[in-house]
Amino acid sequence: MAKITKDTLIADCLKINPDSAEILRAVGMHCIGCALAHNETIEQTVFVHGNDLDALLEKLNKGVE
């Protein structure tokens with residue numbers, strides 16, 4: 001299965017890890033359903049919401065093989 005990186009689009013992240021919506025909401029991204037959010041990368045989301053990129057990627061990739 002694909003690994004989630006800083007360049008992964010939110011839409012792809014949601015496909016790769018079904019738990020990613022919950023993880024992203026927990027770090028302050030509550031607009032996951034927004035069409036514009038799906039075209040953002042993980043890195044852009046971190047920049048906008050002020051999260052730690054490495055910590056978020058670790059959470060998003062937990063359980064993804």
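These legends go with close-up views of a predicted model.

**View 1. The whole chain, by confidence.** This predicted model keeps local features only at pLDDT of at least 70 and side-chain atom pairs only at pLDDT 80 or more, while totals for chains, interfaces and linings use all residues. Residues are numbered from 1 along each chain as its sequence is written, and side-chain values use heavy atoms, with hydrogens and water left out. The predictor's confidence in each residue is its pLDDT, on a scale from 0 to 100. The protein chain averages 86. At least 70 is reached by 97% of the residues. Among the elements, helix α4 (residues 53–61) has the highest mean, 93. Helix α3 (residues 42–49) has the lowest, 81. Helices here are DSSP runs of H or I, at least four residues long, and strands are runs of E, at least two; both are numbered from the N terminus.

**View 2. Asn17 in its loop.** Asn17 sits in the loop between α1 (10–16) and α2 (20–26). Is Asn17 buried or exposed? Its relative accessible area is 4%, so Asn17 is buried. Buried means under 20%, exposed over 50%, and partly exposed in between (1.4 Å probe, protein chains only). The Asn17 side chain makes polar contacts, which are N or O pairs within 3.5 Å; within protein, one atom must be able to donate a hydrogen and the other to accept it, and residues adjacent in sequence count only if both atoms are side-chain atoms. One reaches the backbone nitrogen of Asp19 at 2.8 Å. Another reaches the backbone oxygen of Leu60 at 2.6 Å.

**View 3. The salt bridge.** The structure holds one salt bridge. The term means a side-chain nitrogen of Lys or Arg within 4 Å of a carboxyl oxygen of Asp or Glu. Here the side chains of Lys6 and Glu43 meet, at 3.9 Å from N to O. Lys6 lies in the segment before α1 and Glu43 in helix α3, so the pair ties together parts that are 37 residues apart in sequence. Lys6 is partly exposed, at 36% relative accessibility. Glu43 is also partly exposed, at 35%.

View 4. Gly50 follows α3 with a positive phi, near 70°.

**View 5. Two sides of α4.** At the start of α4, a side-chain oxygen of Asp52 comes within 3.2 Å of the backbone nitrogen of Asp54. Which residues of α4 are buried? They are Leu56, Leu57, Leu60 and Asn61. Their arc around the axis is only 125°, so they share the same side of α4. The buried residues of α4 pack against α1, α2 and α3. Asp54 and Glu58 are exposed on the other side. For Glu58, the relative accessible area is 61%. Just after α4, Gly63 has a positive phi of about 85°.

How values were computed:
Arc of directions from axis to C-beta. Contact = heavy atoms within 4.5 Å.
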